Amino acid sequence: TILADGQELEHSGKTPLKVLELLQIIIASGGTQVDSLSISEMLWPDADGDNAQQALETALFRLRKLVGKDSIIVSGGKISLNKKRCWLDIWAFEQAFEQLDILLEKVQTTNNDNLENCLAALANLYRGPLFGETRPPWAEAINARLQNKYSKALKRVSAYYKNADNGERARYFLDKLAEADHALRGSYYLQ
């Protein structure tokens with residue numbers, strides 16, 4: 001879902017598929033400093049360099065029209081989403097994962113509520129494979145990375161509770177890990 005000013009972005013069925021694929025590639029590549037040449041090669045593998053570059057420029061023009069001119073930054077052959085204008089759940093997920101790491105490193109002083117709130121944020125952001133069941137092959141790397149981070153977070157929190165002699169909470173998070181692994185075989189999404 002693409003939101004602009006808190007509202008779902010209205011785009012007609014006329015929005016070219018390549019424009020949406022371009023946005024997906026930018027997102028799947030982390031949203032910043034994505035090499036325009038590699039995007040061109042992914043979207044137009046059979047086009048020669050000049051034609052692929054022209055097609056990319058056209059798609060970027062249409063994407064800016066869709067999401068707002070200031071939302072897309074092109075500089076030095078790199079394409080980025082403007083973090084001042086765009087929010088990605090992937091960015092929020094990464095930030096929550098880093099916060100969880102910090103909390104777990106401070107095991108002696110970690111507040112269980114903070115830990116569980118952080119993990120709840122991760123769970124709210126992670127719903128399984130990015131782009132759903134019909135995800136393109138180029139999205140596999142980010143999906144594997146996000147899945148690994150989520151699994152690692154659940155394992156680490158379970159171990160934290162096990163070390164704190166709270167077997168019930170440790171088992172709870174191991175069960176959550178099993179649920180997540182099962183859900184990944186289903187049709188959940190990162191939203």
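## Terms and model

A residue is called buried when its relative accessible area is under 20%, exposed when over 50%, and partly exposed in between (1.4 Å probe, protein chains only). The model is predicted: local features need pLDDT of at least 70, side-chain atom pairs count only at pLDDT 80 or more, and totals for chains, interfaces and linings use all residues. Residues are numbered from 1 along each chain as its sequence is written, and side-chain values use heavy atoms, with hydrogens and water left out.

## Aromatic pairs

There are 6 aromatic pairs in the structure. Rings of Phe, Tyr and Trp (its six-membered ring) pair if their centres lie within 6.5 Å; planes under 30 degrees apart are stacked, over 60 edge-to-face, and the rest tilted.

One of the pairs joins phenylalanine 93 and tyrosine 126; it is tilted, with 5.8 Å centre to centre and 40° between the planes. Phenylalanine 93 lies in helix α4 (residues 89-105) and tyrosine 126 in the loop between α5 (112-125) and α6 (140-163), so the pair links distant parts of the chain, 33 residues apart; helices are DSSP runs (H or I, at least four residues) numbered from the N terminus. Phenylalanine 93 is buried at 0% relative accessible area, and tyrosine 126 is buried at 7%.

Tyrosine 160 and tyrosine 161 form an edge-to-face pair, 5.1 Å centre to centre with 75° between the planes. Tyrosine 160 is buried, with a relative accessible area of 11%; tyrosine 161 is also buried, at 2%. Ring pairs link Tyr160, Tyr161, Tyr172 and Phe173 into a cluster.

## Charges over rings

A charge sits over a ring if NZ of Lys or CZ of Arg is within 6 Å of the ring centre and within 35 degrees of the ring normal. The charged end of arginine 169 lies over the ring of tyrosine 172, 4.4 Å from its centre. Lysine 83 has its charged end over the ring of tryptophan 91, 4.7 Å from the ring centre.

How values were computed
Helix = DSSP H or I, 4+ residues; strand = E, 2+ residues; numbered from the N terminus.
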